[in-house]
Amino acid sequence: MSALIEEDYITEEGEFVINIGPQHPSTHGVLHIKAWLDGETIKKVQPHLGYIHRSIEKMSESLSYRNFIFVTSRMDYISAHINNEACALAVEKGLQIEAPPRAQVIRILMAELTRLASHQLWWGATGLDLGAITPFFHAFREREAIITIMENTCGARLTQNYMVPGGVMYDLHPDFQKETKAIVKQVKEKLGEYEDLLTGNVIFEQRTKGVGYISKEDAISYGCSGPTARASGVSCDVRKWFPYDGYDKVVFDEVLDTGGDCYARYMVRMREMVQCCDIIDQLIDNIPEGDFQAKTKNVIKLPKGEFYQRVETARGELGVYLVSDGAASPYRIKYRSPNFSNLSALEHMAVGGKIGDLVAIMATLDLVIPDIDR
Amino acid sequence: MTNEELKQRFTELLPGAIYDETGEFLNVIINSEVLLPFVKELRNNDTLSFDYLFCLTCVDWKDHLMMVYHLLSKDHKHTVVVKAKITDITNPEIESVSSIWKTANFHEREVYDLFGVKFLNHPDLRRIFLDEDWPGHPLRKNYVDENMIEI
Amino acid sequence: MKLLLAYSFANLTSAIHSGLSGSMGNETLVLITEMVITGICLLGFLVILSFFLGYMERKVAAFMQIRLGPNRVGPKGSLQIVADTVKLLFKEGLTPDASDKFLFNLAPFIVVVTSMLVMAPMAFAKGFQIWDLNIGILYVSSISSMGVIGILMAGWSSNNKYSLLGAMRSGAQIVSYELSIGLSLISIVILTGSLRISDIVMSQQNGWWLFKGHIPVIISFIIFIIASTAEINRAPFDLAEAESELTAGFHTEYSGMKFAMFLLSEYINLFVVSAIAATIFLGGWMPFHIGSWEGFNHIMDYIPSSLWFFGKTFFIIFVIMWFRWTFPRLRVDQLLNLEWKYLLPISMVNILLVTLIAIMGWHF
Amino acid sequence: MDIKDEKLKLEFPGQVHPSADGGILVTKLDEVINWARSNSLWPLVFGTSCCAIEMMSAADAKYDWSRFGFEVARATPRQADLIIVAGTIVMKMAPVLKRLYDQMPEPKYVIAMGACTISGGPFFYNTYSVVKGVDHVIPVDVYIPGCPPRPEALLHAMITLQEKIKHEPYFRKAKEDTK
């Protein structure tokens with residue numbers, strides 16, 4: 001149950017406070033949300049963070065430039081690849097090198113597979129939060145297949161640690177292309193099944209349409225990014241705005257919606273899955289030959305300066321702000337995590353709704369708590 | 001707008017600003033006292049309109065603290081990094097920008113928590129990650145914790 | 001063989017009755033003894049039933065969710081629920097310190113007892129009925145709505161905000177959906193002209209009401225299924241224990257055997273509403289008869305009546321489980337909207353149509 | 001399930017086994033209770049970070065812990081038997097975890113899943129907020145190494161826990177305590 005805080009249980013006549021979390025099924029981890037209710041209507045919401053604050057930024061200050069990358073796998077663990085990629089790119093920016101073409105394509109492929117797996121997990125969890133349990137199992141069927149592909153190449157299921165400064169750690173598994181093609185085909189087929197199971201459901205539409213609305217201006221002001229912002233019509237796809245790793249050579253659409261509600265956020269993610277499949281389709285047969293890793297020194301030392309690298313994770317814009325003083329480990333690292341900013345918009349979205357709406361909003365925000373707390 | 005044009009505009013707004021173009025973005029280094037009117041202008045001026053604060057953080061340079069604001073304009077697609085120097089490291093204070101960008105609310109709480117920078121006129125300045133009674137501010141370079149095992 | 005099929009449970013009960021009367025003589029004593037025997041049999045039946053339903057639920061869930069379900073404990077996992085029950089029996093039954101201890105401990109019993117009481121007028125097979133009282137339907141609908149008192153007590157006495165919210169939701173829900181259930185039952189009562197369960201079953205001798213009563217009865221059947229799913233707090237109407245919102249709703253603070261009682265009552269209620277639906281709309285133990293097709297009806301009579309009853313009931317149970325594992329949950333205001341803005345007006349108009357059919361004698 | 005016998009085999013032939021206090025009836029009852037308890041481990045829905053995703057994977061169709069009857073994940077500690085600590089525990093979370101553990105009714109079991117819960121794992125050095133091992137806060141029955149452990153590892157841990165429960169005295173323990 002919740003960690004109860006002594007202050008204000010009942011603040012006004014007829015108003016009462018419930019603590020959702022830190023242990024609560026719908027908070028996807030250890031977020032603690034304090035909600036002031038009037039009956040079932042939410043009057044005020046206050047997120048309390050820090051239940052999984054693991055001091056990653058402090059830790060990174062004492063790790064080498066090769067090692068600090070891997071801690072970020074534990075930050076947004078559902079898109080660990082993309083987190084690693086951001087750090088690797090930041091170090092590359094400092095070294096002024098670029099990954100070889102093969103490595104870049106491998107990175108994109110892996111990132112898109114990660115995004116696909118992440119959205120599938122989100123889809124299952126959204127169903128779970130809204131009370132439909134079955135989608136979870138159907139989503140995990142495809143997710144497991146993707147994870148297996150990653151495992152074959154990277155050796156780990158979740159925290160792959162595959163990206164290194166200058167490229168990727170190993171070459172691809174020989175079966176990678178064959179398996180990836182199979183899974184992309186499977187996902188494309190099953191997406192229709194997903195739609196049947198949840199999207200078209202009357203109850204689901206009622207639960208999400210018009211719930212948790214956020215306007216375009218507010219989304220920008222709250223610093224939202226990723227599908228959350230794009231559902232409000234904010235164009236913010238880092239892959240389009242600031243292409244990295246050769247995303248400018250890939251043809252894909254930035255999925256935008258103008259609904260701004262839970263349903264729009266849901267649809268944006270569903271359509272993004274199709275885009276992921278398209279990107280993979282484009283690249284899977286065109287992986288260039290060559291090195292998978294650029295030559296770097298054993299002990300990497302970055303020149304004095306500041307490097308900012310942003311990438312598009314499955315949840316939005318991840319920024320790595322790297323300050324170097326010329327030593328072998330970073331002077332300061334700041335991770336601008338997408339969930340942190342997205343969460344700040346929670347109060348704006350939830351007030352006036354019911355408890356059920358709060359759950360729906362949290363589900364469609366797709367929060368990963370360790371990414372918020374770092 | 002290109003960096004040169006931006007520089008020109010900033011010089012009009014704030015004659016004393018220092019520029020640093022070694023990195024990826026144009027950096028504007030200003031004093032912490034003039035921060036609020038300056039960034040307000042950056043946000044509200046139609047030709048600048050920096051509406052997206054995508055990163056807000058602080059760096060402890062031992063003799064001073066540097067607040068770093070990464071700003072992006074969604075309309076004009078230009079980026080600038082505003083850095084505000086806080087010289088008082090024992091009792092650092094700066095104006096809050098959460099009235100301009102709502103996302104600053106959480107980010108400033110994070111900086112307050114980990115660096116101890118006090119934000120004036122912040123709507124809800126509490127520690128965000130650590131408990132209220134946590135001693136010290138961990139990301140400061142002079143932070144000591146006996147329980148921390150160092151290598 | 002034919003003898004066995006034609007065997008009626010009435011013979012068995014009358015044999016027991018005459019045997020007891022012979023040995024005891026005193027009518028009151030005989031009645032009490034019979035009641036005790038019936039009670040024990042019913043308890044045993046309910047326990048086995050809830051074991052089976054629990055197992056069925058997990059297997060149906062597994063089937064829907066492309067997995068295997070329990071298969072390690074006992075053959076095909078059939079002892080899984082037994083293990084769960086024994087574990088819950090020997091688990092510490094906590095009573096929170098700040099709770100209203102008397103009400104907290106009483107609540108699960110009220111919930112279980114009310115759901116057990118509804119079993120009394122159920123016709124399980126031809127001539128196999130505990131108590132064929134003349135107001136059977138009225139009895140069922142009035143007793144079954146008393147379970148909400150137990151839920152409210154549980155929620156209030158737990159001294160937990162989630163419990164309280166869950167109980168309040170449950171109260172609002174059951175009070176509203178009770179109306180639709182009543183109205184859809186009344187439509188059959190109008191057609192039959194009797195509240196007695198055995199009369200209702202017998203009236204379906206030449207075809208089940210679902211087929212005889214034209215579209216209005218089909219509408220009231222659908223309304224009954226929706227409303228009774230809500231009444232027994234099952235998904236998509238499981239707001240009272242909405243796991244992702246209220247952790248476990250009204251039974252958040254219950255543990256051990258007290259929690260098992262809530263589970264037990266959930267399964268009994270599931271059986272009860274399905275059995276009522278089967279009895280009222282699908283003819284209870286009455287085999288599938290079509291009007292005057294004597295030969296066909298005769299063949300159907302070869303299937304034992306209890307099989308008919310349980311077959312129909314478990315079909316409806318399966319449908320309700322199907323709901324649970326496919327639909328998302330409604331929000332609390334949508335739940336009440338559904339009842340007050342859609343189901344209730346529809347069933348009111350429906351009643352008029354049914355009355356018209358009954359008066360004009362349009363049904364078969 | 002033959003570990004009990006295996007253990008007996010390992011002991012030297014002249015070993016005198018103390019008879020279980022209470023004799024046959026109590027021993028048999030113990031067996032029934034332990035059988036029920038070990039086969040009905042309902043975990044608490046509790047995941048703090050990465051390992052929680054692997055815990056979810058263990059529930060999915062590929063690994064399917066419902067085969068063992070573990071799928072009844074309860075959201076409230078009052079109805080759970082087992083707390084799988086999946087993920088790092090930090091200083092702010094530790095009191096909450098302790099509270100959750102206290103709210104669970106007896107008998108209760110703990111599985112420490114992942115390196116973080118064993119020792120702090122990757123967050124051992126240079127961190128100021130991580131609890132270096134969950135056993136500083138609550139007693140642990142089974143540890144699973146890995147960062148994160150695979151779902152198979154979690155299943156193995158739960159089967160190991162089942163073995164452990166099968167050797168627990170229930171009635172006998174009460175007698176031993178009074179001695």
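This is a predicted model: local features need pLDDT of at least 70, side-chain atom pairs count only at pLDDT 80 or more; totals for chains, interfaces and linings use all residues.
How many residues of domain 1 of chain C are in contact with how many residues of domain 2 of chain C?

View 1. The domain assignment divides chain C into domain 1, covering 9-80, and domain 2, covering 91-360. Between the C-alpha centres of domain 1 of chain C and domain 2 of chain C there are 19 Å.

**View 2. The side of domain 1 of chain C that touches domain 2 of chain C.** Contact involves 14 residues of domain 1 of chain C and 17 residues of domain 2 of chain C. On the domain 1 side, two or more residues each are given by helix H2 (9-24) and helix H3 (27-64) of chain C. H3(C) gives the most to this side, with 11 residues. By class, the residues on this side of domain 1 of chain C are nine nonpolar, four polar and one charged.

**View 3. The contact of chain C with chain D.** Chain C contributes 29 residues to this contact and chain D contributes 20 residues. On the side of chain C, the elements giving two or more residues are H3, helix H4 (80-89) and helix H13 (256-282) of chain C. The largest share comes from H4(C), with five residues. The side of chain C that touches chain D comprises 12 nonpolar, eight polar and nine charged residues.

**View 4. The open sheet of chain B.** In chain B, five strands form an open sheet with mixed pairing, in the order S1-S2-S5-S4-S3. Strand S1 (18-20) and strand S3 (52-60) of chain B each have a single partner strand, so these two stand at the edges and one side of each is left without a neighbour in the sheet. Direction ignored, neighbouring strands of this sheet are turned against each other by 25° on average.

**View 5. The pairing of S1 with S2 in chain B.** Strands of a sheet pair through backbone hydrogen bonds, in either a parallel or an antiparallel manner. S1(B) and strand S2 (residues 26-31) of chain B run antiparallel and are joined by three bridges. Within this view, B:Asp20 stands opposite B:Asn27, which belongs to S2(B).

**View 6. Helix H1 of chain B and the sheet.** Helix H1 (residues 3-13) of chain B lies across S1, S2 and strand S5 (79-86) of chain B. The helix runs at about 15° to S2(B).

Methods
Residues are numbered from 1 along each chain as its sequence is written. Chains are lettered from A and ligands numbered from 1 in the order in which they are written. Domain bounds come from an automatic or database domain assignment. Two residues are in contact if their C-beta atoms, placed from the backbone, lie within 7 Å. Helices (H or I, at least four residues) and strands (E, at least two) are DSSP runs, numbered from the N terminus. Ala, Val, Leu, Ile, Met, Phe, Trp, Tyr, Cys and Pro count as nonpolar, Asp, Glu, Lys and Arg as charged, and the others, Gly among them, as polar. Two strands pair if DSSP finds at least two bridges between them. Axes are lines fitted to C-alpha atoms, for helices over the stretch in contact, and angles run from 0 to 180 degrees between N-to-C directions.
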